[in-house]
Every structure is written in structure tokens, then in C-alpha cells.
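Please open the structure in your viewer and keep the selection panel at hand. The tour below goes from one selection to the next and says what is there.

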Amino acid sequence: MGRRMRKTLQRWLLPIQHRLLAKVHDLSYLFVEVTQRCNLRCVHCGTDCKQDSRIPDLALNKILPVLDRIRAAGDPGRVHVVLTGGEPLCYPDLFRLGRGIGERGFSWGMVTNGFALDENRLLEAKKASMSSVTVSLDGLEEDHDWFRGRKGAFERACKAIELLVGDPFWRKMDVITCVHKRNLASIEKIHELLVKNAVPGWRIFTVEPIGRAPGNPELFLSPGEFRMLLERIHDFRSQQRLQVSFSDSGYLGPCHEEKVRDYRYFCRAGINVAGIMVNGDILACPNIDRRFAQGNIFRDDFLTVWQERYQDFRNRLWMKQGECQRCGQWRHCKGNSFHLRDFQTRASRLCHCKEYQLLPSSESGRAP
């Protein structure tokens with residue numbers, strides 16, 4: 001069988017594999033929003049976090065019993081816990097919680113803006129057995145500081161990256177960059193900066209119409225700019241100077257999927273991924289509209305919710321409405337990423353294929 005035929009066969013078999021994954025729904029990633037406090041003021045923030053947030057942090061004694069329950073039901077080594085916010089380093093019990101996670105047999109990591117990540121914090125993280133860390137770097141100095149809403153944010157993020165790369169302990173670290181109109185022209189220079197600093201992995205995504213972003217024209221790429229970004233990512237991947245990929249935030253159509261990722265798009269929200277929000281709400285990932293909550297850990301058993309209340313995430317036929325009904329890409333896209341789904345209208349806020357004109361004309365209107 002030729003390479004092209006194998007790829008075609010794999011593409012047509014993937015929906016079957018995805019249906020099986022949804023049926024089994026093994027939990028692999030648990031995102032825990034420990035705080036909504038943040039030391040920055042990002043213009044695109046999906047959760048509208050504030051430096052002086054009045055929303056209480058998620059208490060340690062509310063999180064650990066959930067992990068005990070998961071451990072009692074299966075192998076904790078198969079579940080990775082990711083602490084998010086806000087900024088997790090603003091959470092005073094961060095490393096105490098991390099130790100509790102590790103002691104229960106789970107691996108854990110965090111996504112950070114890097115502003116408060118220094119030598120002392122990294123030493124604490126080691127003692128707490130943190131195994132992965134992602135640092136956000138959203139442009140060169142002027143663009144990053146504007147985007148993150150604080151002078152000096154770029155310098156602090158670069159220092160954090162330098163500390164992580166310089167320590168062989170941090171084998172699972174990467175950088176994530178949000179591309180928008182202001183920093184798109186610097187994408188080559190950002191790539192060079194990360195290569196120079198020996199960063200092992202770089203994930204790229206774009207601003208989406210959630211949180212603070214809607215209505216800000218400086219943030220959203222035009223169709224031509226978005227396609228240019230995908231071409232740059234493809235070029236970076238061809239150079240193999242560091243591992244580069246576009247994030248899994250949306251389906252990009254048959255012409256682009258394998259060019260910019262190591263895998264084909266599949267939204268795992270509610271299938272392999274769950275989230276616990278700062279108020280205890282049980283969701284699928286931190287960016288999903290919070291009105292899609294399936295329960296709350298303050299009153300519900302997490303595992304019961306995971307097994308019995310995630311049907312909207314696992315059977316997405318209800319999302320096949322409007323233009324999705326006539327789209328030939330439905331079996332691969334399944335309505336795009338769940339965090340783009342509007343709770344009231346049930347429609348998607350963004351179709352990457354349509355918005356950025358990613359489908360060849362022969363594919364765009366074909367029946368499923």
C-alpha cells in the first residue's frame with residue numbers, strides 16, 4: 001500500500017477511532033483552575049481574570065478528595081493534573097497542593113505567564129515533583145508587554161524560559177504563543193529566539209472570540225494572515241530546529257491538518273479531558289462557557305459526573321446545525337472545539353475552515 005493511500009485510509013478510519021474514544025472516555029487530563037487572581041492584565045484573557053479578584057481561591061481540601069476518589073477507581077499514573085488560573089503562581093498553596101498531587105501518584109504541571117517564576121519557585125516546584133511546565137511568550141518585548149498588560153512581562157517570561165531550559169530536570173517544558181495582528185510580523189524572530197535558547201517545544205494558537213477578545217480588531221487575523229501563519233508553521237516544522245505545532249483549538253481542513261500538527265484534530269473535551277473551576281464547577285476544559293457545567297465538586301461526586309453527565313461532549317450530533325448540516329467535513333470536525341460553542345444559541349462562534357477560507361472549493365459544500 002502506498003504512502004498516499006495509507007494516509008487516506010487513516011483519515012477515513014479516524015472518526016471510528018474517535019467514536020471509540022468517546023465511548024470509553026478514559027480520563028487523561030484534569031485541569032484545575034486554582035485561582036482567578038493574576039499578576040498580569042492580558043487583553044485576550046478567556047476568563048477575565050483580575051489582579052485583585054474577589055473570587056475565592058479553590059481550597060486545597062476541596063481538590064485533594066477529588067483526586068483520592070479518582071485514585072480509588074483506577075490508576076492515577078494515567079492522569080496528568082494541570083494547574084491553571086488566573087496565574088497559578090498567585091495561588092498561595094500551589095506547591096503544597098503539588099506535593100499532595102504527587103503523593104497520590106498523579107503527575108502534575110502548570111501553565112504560567114512566567115512573571116513570578118524564579119529560582120526559588122523552581123526549587124519549590126522540584127521538591128513538589130512538578131513534571132511539566134508551559135510558559136507563555138506572546139511576541140517580542142513591545143508586543144508581549146502590550147498583550148500581557150504589564151511592562152517587564154517579556155523580560156520575566158524570557159528569564160523563566162532561560163531557567164527552565166538551563167536545568168535538565170525540566171524535560172517536559174514548552175513555550176506557547178498566541179499570534180495576533182500585532183505580533184504576526186515577528187513570528188520569524190520569535191522562532192529564532194526560541195531556537196537560540198534551545199527551547200524544545202513551541203505551540204502556537206490564535207486569538208478566538210471568547211473572554212475579553214471580541215470587539216478588539218487588533219487581535220484577529222484576516223484569512224490571508226491566518227493562512228500565512230499556517231505556512232510559516234509548516235516551514236518551521238520542515239526546518240526541524242525545534243518541535244513546532246499549531247494548537248488543537250480547531251479543525252483546519254484536509255489541506256492543512258498534517259502540515260501543522262503531528263496528529264489530526266480531535267476535540268477531547270469531556271472525552272479524555274475534564275476541568276474543575278475555581279468555584280467547584282465540573283466542566284471539560286477551562287475555556288468552555290461555564291454554563292456548560294455538568295456538576296460541582298462541592299455537592300457532586302466527580303467520578304459520577306464524569307461517567308454519567310458528559311453526554312453533550314461525547315455525542316455531538318446536537319451540534320450538527322446550521323451550516324454544519326451541509327458541511328462535508330462534519331465527520332472530521334464534529335462542530336469544532338467545544339470552547340467555541342455558544343451556550344445560548346448552541347452555535348459555534350468560529351469555524352476555522354469558513355472564517356479563514358481553508359477548504360478547497362470542491363470540499364466546502366460536499367455532503368457528509
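What follows is a short tour of a pair of helices, a helix residue and some cysteines.

The model is predicted, so that local features need pLDDT of at least 70 and side-chain atom pairs count only at pLDDT 80 or more, while totals for chains, interfaces and linings use all residues. Residues are numbered from 1 along each chain as its sequence is written, and side-chain values use heavy atoms, with hydrogens and water left out.

Select helix 5 (residues 141-148) and helix 6 (residues 153-165), whose axes come within 8 Å and cross at roughly 105°; helices here are DSSP runs of H or I with at least four residues, numbered from the N terminus. The two helices, helix 5 and helix 6, are therefore roughly perpendicular to each other, a term for angles of 65 to 115 degrees. Glu 141, His 144, Asp 145 and Arg 148 of helix 5 meet Ala 153, Phe 154 and Ala 157 of helix 6, where contact means heavy atoms within 4.5 Å.

Next, select Ala 72, which lies in helix 2 (residues 60-73) and counts as exposed at 68% relative accessibility, exposed being over 50% and buried under 20% relative accessible area with a 1.4 Å probe, protein chains only.

Finally, select the cysteines: a search of the whole structure finds zero disulfides, a disulfide being a pair of cysteine sulfur atoms within 2.5 Å. For Cys 178 the nearest cysteine sulfur is that of Cys 42, 9.5 Å away, and Cys 178 counts as buried at 0% relative accessibility.

Key: Axes fitted to C-alpha atoms, helices over the stretch in contact; angles between N-to-C directions. Parallel < 35°, antiparallel > 145°, perpendicular 65-115°, else oblique.
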